[in-house]
Structures are given as structure tokens and as C-alpha cells.
Amino acid sequence: MSKIPLPPVVKRPLVTAWNEAHRVGWLLRDHADAILHGRVEPCSVCGRRCRMLYRRRVIPPRLVELWGLTERQAEALARKESNDCAGCGAKLRARRMAEVLLDLFPVAGTRLADLRTWAGSHEAGELRIAEINRIDGIHEVLSNLARFHSSEYVPNVRPGAYVSGIRNESLMGLTYENARFDLVLTSETLEHVPELNRALAEIRRVLVPGGLHVFTVPVSPNEAKTFPRARLRHDGSFEGLTQEIRHPGGDVGYPVFTELGLDFPEILKRAGFETEVRFGPVSDDDLAQVYVCRKPTA
Ligand SMILES: [Zn+2]
């Protein structure tokens with residue numbers, strides 16, 4: 001039996017309705033799953049008691065294959081990249097960054113419970129903060145702070161220039177002056193910078209002595225040593241050195257220049273930071289570590 005093609009005027013709303021039903025179906029399942037597994041807790045970003053929505057599907061099979069993850073490791077990665085707060089949308093890695101910030105920056109000697117309340121404090125307003133690439137969940141809460149400087153990387157745009165109101169910055173060469181910030185925030189960014197050590201040196205340069213870089217990165221639980229996957233040639237063109245991996249799709253997304261292995265904390269120390277791994281170490285069941293790097297005072 002041959003299919004009768006539907007005219008676009010009929011087909012389009014049908015496809016939209018089908019997709020919407022599918023989306024709502026997933027959402028209902030995610031909420032039910034959160035209740036069933038007791039993932040209802042206070043959110044360290046928005047402060048509300050919310051369901052945390054685990055979505056295994058955020059990690060595509062192709063990335064699992066290329067990265068050589070076991071199903072157990074893939075689930076740990078899916079927790080890091082989801083467990084979204086149903087109230088504010090902050091995923092686990094953002095909520096853990098918030099927890100670390102609350103630990104590091106108490107208000108009048110007290111550790112506050114959520115970043116939203118913290119952002120309303122005098123202490124938070126005094127901090128000079130650079131967010132290098134938007135961190136969903138954290139960005140919305142901090143963006144009204146007087147000394148909060150957010151930037152994104154846009155290829156082929158002059159660093160320091162603004163595109164649609166957003167400052168363009170590259171970790172290959174920040175345009176901020178030395179010792180400009182008390183705190184630098186990045187999340188899942190360092191692996192995409194063509195030269196990791198240059199990025200770390202740039203972050204160190206713009207921090208005041210005693211300043212902190214708080215961040216997340218994907219560290220492979222199956223690689224003992226960090227290695228380059230790609231590099232930029234002198235003419236700026238891309239050169240793959242081994243199997244190419246892109247985030248988030250595996251084959252699609254931003255190319256990974258550095259595959260970070262279990263020796264990553266050593267690299268941070270060699271780059272001149274006092275380093276602490278929160279929620280560590282990396283394990284098959286937990287890939288959502290938060291790194292705290294302090295620029296020494298002397
Ligand atoms: Zn929340």
C-alpha cells in the first residue's frame with residue numbers, strides 16, 4: 001500500500017503535536033523517576049526543595065563509544081550532565097559548583113544554603129568574578145552582581161569585543177589585565193582550548209594572589225594520562241592528532257583538544273595552583289568533581 005503524502009498544512013501541526021506529546025511524556029517519566037528514587041532535595045542554586053530530574057539520554061551512544069565508557073560510567077556522566085533541578089534547571093555540575101562557592105565564601109561567618117540568597121549579600125557584591133563561557137544555572141543567579149563579568153568565545157571575533165551585548169574572550173589570550181579578579185569560573189571549557197597550559201596560565205594571570213579558579217571539566221576515568229587529541233597549526237587550521245571527539249555529540253559539537261586523564265590534578269599543580277578536588281576522586285560512579293585552584297599569595 002502506498003503512503004498518501006499529507007499536505008504541509010496538515011503535516012506540520014501533526015508533527016508539532018507529536019513532538020510536544022513526546023516531550024511531555026519524557027518529562028512526566030523524569031518527574032515520576034525522581035519521586036520513585038527519592039531525588040527530592042533542596043537546590044543549592046535556587047534554594048527551593050525540588051525534584052532532581054535524571055536523564056540518561058543526555059549522553060549520546062556515540063560519545064559513550066568514542067570515550068570507551070562502561071554503562072556504569074555513562075550513567076555517572078549522565079548524572080553530572082542532568083539531575084536538573086525542576087525549579088531552576090541547574091544540572092548537577094552547576095549545583096555542585098554552587099555548593100563549593102557557598103563553602104568558600106561564607107556571609108558574615110555563616111555558610112548560606114543557596115547561591116540565590118548568597119548573591120544578594122554584600123560580600124558577593126564585593127567579589128570581582130569572571131565567568132568564562134556561560135554556566136547555565138549559575139549565570140542567571142550571578143549576572144546581576146555589580147562586579148560579575150561574563151564572556152563567551154566567538155571564533156573570528158576580536159577578543160574583548162562585544163557581540164550582541166556579550167563580551168568575547170578566548171582563554172588563549174584574555175584581554176583582562178593582570179590580577180583583575182578574585183574568582184574565575186569555568187565549566188566544561190578547558191578541554192576545548194587549543195593549549196591547556198596557556199589557558200591555565202591566562203587564568204592564573206588574571207587572578208589576584210590568593211584568588212580562586214572554581215571549575216568543572218570532563219576527566220576520563222579510563223585514561224591515566226592527559227594527552228592532546230588535536231592542535232592548531234601555525235596558520236590557525238585544525239589538526240587532529242588522534243581519534244577526534246566532539247562535545248556533546250561525539251561526532252558533533254566542539255572539538256576536544258585535550259583529553260584530561262587521572263593525572264589532571266598534577267597538571268594543575270605544575271601550572272602553579274594549590275589544587276583541591278571536591279567530590280573526588282574520579283570514580284566509575286562519580287564523574288562530577290569540582291576543582292578549586294588557588295593562586296598562591298607568594
Ligand atoms: Zn534549583
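**Domain arrangement, zinc site and salt bridges**

The domain assignment divides the protein into domain 1 (9-85) and domain 2 (114-294), with bounds that come from an automatic or database assignment. The model is predicted, so local features need pLDDT of at least 70 and side-chain atom pairs count only at pLDDT 80 or more, while totals for chains, interfaces and linings use all residues. Residues are numbered from 1 along each chain as its sequence is written, and side-chain values use heavy atoms, with hydrogens and water left out.

We turn to the interface between the domains. Taken over C-alpha atoms, the centres of domain 1 and domain 2 lie 25 Å apart. In all, 20 residues of domain 1 are in contact with 28 residues of domain 2, contact being heavy atoms within 4.5 Å. The two domains bury about 1900 Å² between them, and 54% of this is on carbon and sulfur atoms; buried area here is the accessible area (1.4 Å probe) that two parts lose on being put together, summed over both. Val45, Trp67 and Lys80 supply 36% of the area that domain 1 buries against domain 2, more than any other three residues.

Polar groups also meet across this interface. Twelve residue pairs are in polar contact there, both residues at pLDDT 80 or more; such a contact is a pair of N or O atoms within 3.5 Å, where within protein one must be able to donate a hydrogen and the other to accept it, and residues adjacent in sequence count only if both atoms are side-chain atoms. The interface of domain 1 and domain 2 also holds three salt bridges, defined as a side-chain nitrogen of Lys or Arg within 4 Å of a carboxyl oxygen of Asp or Glu.

By this rule the count comes to 29 salt bridges. Among them, Lys80 pairs with Glu188 at 3.2 Å, N to O, and Glu202 pairs with Arg205 at 2.9 Å. Another joins Arg167 and Glu169 at 2.7 Å. Arg167 is buried, at 18% relative accessible area, and Glu169 is buried too, at 1%; the cut-offs are under 20% for buried, over 50% for exposed and partly exposed in between (1.4 Å probe, protein chains only).

Finally, there is the metal site. The zinc ion is coordinated by the SG atoms of Cys43, Cys46, Cys85 and Cys88, at 2.3 to 2.4 Å; donors are N, O and S atoms within 2.8 Å of the metal (3.2 Å for Na, K and Ca). Along the chain, these donors follow the spacing C-x2-C-x38-C-x2-C. The arrangement is tetrahedral because the four donor atoms subtend angles of 107 to 114 degrees, and four donors count as tetrahedral if all angles lie between 85 and 135 degrees. Cys85 counts as buried, at 3% relative accessibility, whereas Cys88 is partly exposed at 26%.

Note on methods:
Four donors count as tetrahedral if all angles lie between 85 and 135 degrees; four count as square planar and six as octahedral if opposite donors are over 155 degrees apart and all others between 65 and 115; anything else is irregular.
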